Amino acid sequence: MTAATALAAPESPSAEPAAAPAARKRRFPLLRSGKALTGMVVFGCFVLLAVIGPWIAPEDPSKTGGPVLQSPSAQHLLGTTQSGQDILSQILVGARTSMLVGLVAATFATALGVLIGVTAGYAGGWTDDILSMLTNIFLVIPALPLTIVLTGYLHGGGWFPIAVVISVTGWAFGARLLRAQTLSLRNRDYIKAARAIGERPWRIVTVELVPNLGAIIVSGFLFTFIFAILTEAGLSFLGLGSLSTWSWGVTLYWAQNSSAFTTGAWWWYVPPGLCIALVGASLSLINFGADELMNPRLASAEKKRRARRTSRKPSPTAPEASV
Amino acid sequence: MTAPATVPAPIPAPGREPLLEIRGLTVDYGEGPGAVHAVDTVDLTLHRSETLGLAGESGSGKSTLAHAVTRLLRPPGRIAAGQVLYHRKPSADGAASPPVDVMAMARNDLRAFRWEEIAIVFQSAMNALNPVHTVAVQIADTLRAHRPGISRAECRDRAAHLLTTVGVPSARLSAYPHELSGGMRQRIMIAMALALDPEILVLDEPTTALDVVVQRDVLAELVRLRQEFGFSVLFITHDLSLLLEVADRVAIMYAGRIVESAPAQDVYRTPTHPYTRGLVGSFPPLRGPRRDLAGIPGSPPDLRALPPGCAFNPRCPEAFGRCTRDIPLLRTPPASPDRLVACHLDDPKEGAGHDD
Amino acid sequence: MRFLIRRIAFYVVTAWAAITMNFLIPRLMPGSPENTMLSRFQGQISKEQIDAIKAQIGVSNASLLSQYGTYWKDLLHGDLGTSVAYFPGRVSEVIGQGLWWTVVLVGVATAIGFVLGTLLGVAAAWKRGSFLDHLLPVTTFFAAVPYFWIALVALSVFGAELGWFPLSGGYRPELEVGWSGEFIASAFSHSVLPAATIVVGSIAGWLLGMRNMMLTTLSEDYVLVAEAKGLRTRRVMLGYAARNALLPNISGFAMSLGFIVSGSIVTETVFSYPGIGFMLYNAVLNNDYPLMQGLFLIITLMVLLANFVVDLCYVLLDPRIRQEAR
């Protein structure tokens, strides 16, 4: 399914969805949101690309010697670079690196965020004071200059150290959200009860607390994923990343280096930029969809109209509540 | 301050001259066959110098009705049908102008009409004042919107006068809402409502958010102001006992429809609709000996899935065959000409006898 | 005063943390930057200068604590060391040349982006259901586009293709830097594309944030009251809804500013703009560690200052905080 049909599907005027999908939608409410669904489909495509990209790439992305600076053709679907490299192959191979950096950085950053945010929120007292201060400091210190300085001291090493550096500069956002949510959960009755009967803290945190933070952890993960992909692209583009592995940022670096932008070789710089933007936009859409699910006021009127068409009626208390 | 229980009869006496006539007003949430009628073909008339009470459970559509009257509904709420006729004061030479339909007013006319003729005091004094502006600014922008060319000094004087009228020191003009207590805020809302000397004051649960002692004070203040300014009141609340004390006439709303309306004493002494009887039976008597309190069985109706016939029939102890078939219409029962009731029990065609 | 004192204390601690981080990074990172540097500047600089630079990036026999003391002493005297790439230029002087370019460019562009994005957000919320709703998917897309890509596309379209604006630099190189009309005109035309990039890159975030806050605010009772009072639409929209929706948006400024500064660094690089972002890029390329450190410190301190200014605005805009601040 392409992005276009995914967009169109929930808009179709069919009044009642078929029975089977309807049941699935009840179980996974996120599928009901057109935005989230679009985001998931687009993102899924890129995940697939990251997995199979290097295998289906028609050529070795570094192989030179083909026709030089050619616009898209049947032979080279996305044209070639100044040294005759196949751009489609660079995009396909680069997908894996870019997505891996996103995945690894987002995983580390989320782990760090959960550790610090939940500890701060749950422990309270001076532990909270210190950890919150740390979180706020990392939130205010601009990330890219710090990343640049840190990678400046790293020489080579591929994409992995870069992913680690990005997670070091990008964990604070998730940690702040998680701390706030933990604070509010901590005072709920079931947590108080668990404490009163003498459950061990780590058990309360892992069994009672973390599962209830799921939505925020996922949202923080997606946010860091975008942040990581953008940062990696920026670093690679500046030539500060790892130029030995192909990523979308690296392709853009070479494009910039060879003045593709002033010579009109749009097929060189448009595809990698578009890929980055599409991954980022798809993740944002998933996050928006989830947001609207939790806070229906944010939904665009489009969705409201659709809801009316499918005769989903407001709850009985809705009229009074909304006036 | 006088206790409301001993409040004297309001002066001037309620007239029979209509001021605001609601005719067949229907408010829908949503469109098409799935639409929910939050207010369903309501007819209601507020007379000049009258205090009309509107009571009902939450979800009965009473607040929706109040918002619909000045077209303040937010989507997906919309006015599906009906008229709200406003009768302007006869001009000095006595010539009465024809009533205007608020629902058909042009945007600019509507804006001029709002607050000038109908002012509203909302339930939550906490949120009804803009937290970033001082009281003075919020009163002044009302004055400026309706009296272009009013000077700063005039604004200031008028605002200070309004505050003292409702018993708030005028020094509080420069206060921000968060610096004021709940009761003080509600008084300021009332002062603001009086800024343009409106003909009608809509009070939408004006005391619900306040604590009990303050509630009494604010209520007494309202009664006093009504005597002083002579505006008419549409008083909306879920608390019928309160209405019986302050209102001249009371209308009871259930599931978006008016089910009974009558002078306050009649509602209290001889409630006719089974729902009204249930309501009157659910609070302790105002005076006289104690009696057993009884609630209304069942739960408030789901507007999305109203039963056929009378919406109250599943909870009605006296429901019979016809109640599940036909929606009862408001009629005047022969026994009490001042009353309107929508119930098959009192239908002369039906008689007192139940057919099954 | 409480609010302001708390914020000032926070910024002091954060500044200390950034300064200390700046001290620790070269000393804790693996690898030996001095070798890279020395091999690069072999024979160009004297033995003493090499030692001075070594000491600055932590290659020293002294204890970490005494190094830290020296570091602070130098810092308080405004001494950020000697640049390697601009040798023998002082880091502080080198930064001084680029600082104002960046402050003006990023400051003006951020302000324009904030105002435009906020106004569009207000409109998008107010006119919900109109064509402005279709703006949202586009906006989401723009929020995810990297700044440097916008910069590159702007450069290739408006610079190379159409030739409306110069391709790189901050002013025509043959001009004398000064307050001459010619210089200012040249600096302006050079800054249009970088500024437009920052505006386009940052506007989406403000728009979405403001729209969502507006939608929350619009359902508040005081907005309904404002409408019931018969105020003009403009007054209800701006004085009541937007005025309140603005507050949380401003308190989220800190994080957004981080993104904008990051984006500006890359944008400056694309346009070879003579600001401190492009300078940072060159410092890394040239292994100019002292300059790199100095730039990180200055950028961080500038961001802290900007955040403090925003806090002051917040105090002015929110009477509840103002009360506390009094």
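These legends walk through several close-up views of a predicted model.

The model is predicted, so local features are reported only at pLDDT of at least 70 and side-chain atom pairs only at pLDDT 80 or more, while totals for chains, interfaces and linings use all residues. Residues are numbered from 1 along each chain as its sequence is written, and chains are lettered from A and ligands numbered from 1 in the order in which they are written.

View 1. Chain C has 14 helices and zero strands; helices here are DSSP runs of H or I with at least four residues, strands are runs of E with at least two, and both are numbered from the N terminus. Of the 326 residues in chain C, 45% are buried. That label takes 20 or more other C-beta atoms within 10 Å of a residue's own; exposed takes 12 or fewer, partly exposed is in between, and the C-beta atoms are placed from the backbone. Among contacts in chain C with a separation of 6 or more, 75% link residues 24 or more positions apart. A contact is a pair of residues whose C-beta atoms, placed from the backbone, lie within 7 Å.

View 2. The mean pLDDT of chain C is 82, and 90% of its residues score at least 70; pLDDT is the predictor's confidence in each residue, from 0 to 100. Within chain C, helix H2 (residues 33–40) has the lowest confidence, with a mean of 66, and helix H9 (residues 221–228) the highest, at 91. For the complex, the predictor reports an ipTM of 0.83 and a pTM of 0.80.

**View 3. Where chain C meets chain A.** Here 49 residues of chain C are in contact with 42 residues of chain A. On the chain C side, the elements giving two or more residues include helix H1 (2–28), helix H8 (181–218) and helix H13 (289–317). H11(C) gives the most, with eight residues. By class, this side has 34 nonpolar, 13 polar and two charged residues. Nonpolar covers Ala, Val, Leu, Ile, Met, Phe, Trp, Tyr, Cys and Pro; charged covers Asp, Glu, Lys and Arg; the others, Gly among them, count as polar.

View 4. Residues 99–123 of chain A are 100% helix and 0% strand, with end C-alpha atoms 35 Å apart. For residues 266–288 of chain A the span is also 100% helix and 0% strand, and the end C-alpha atoms are 31 Å apart.

**View 5. The open sheet of chain B.** Seven strands line up as S6-S7-S8-S3-S9-S10-S11 in a mixed, open sheet. Strands pair if DSSP finds at least two bridges between them. S6 (118–121) and S11 (340–341) of chain B are the edge strands, each with a single partner, so one side of each has no neighbour in the sheet. S3 (residues 51–55) and S8 (residues 232–237) of chain B run parallel, joined by five bridges, and Leu52(B) sits opposite Leu234(B).

View 6. S9 (residues 249–254) of chain B runs antiparallel to S10(B), with six bridges between them; Met253(B) stands opposite Ile258(B). The two strands form a hairpin with two residues between them, and Ala255(B) in the turn has a positive phi of about 50°. Six of the seven residues in S10 (residues 257–263) of chain B are buried. S10(B) also pairs with S11(B), antiparallel over two bridges, with Ser261(B) partnering Leu340(B).

**View 7. Two loop residues with positive phi.** Most residues other than glycine have a negative phi. Asp197(B) has a positive one of about 55°, in the loop between helix H6 (182–193) and strand S7 (200–204) of chain B. Asp197(B) is exposed, with 11 other C-beta atoms within 10 Å. In chain C, Ser272(C) has a positive phi near 45° and lies in the loop between H11 and H12. Ser272(C) counts as partly exposed, with 16 C-beta neighbours inside 10 Å.

Definitions and conventions: Two residues are in contact if their C-beta atoms, placed from the backbone, lie within 7 Å.
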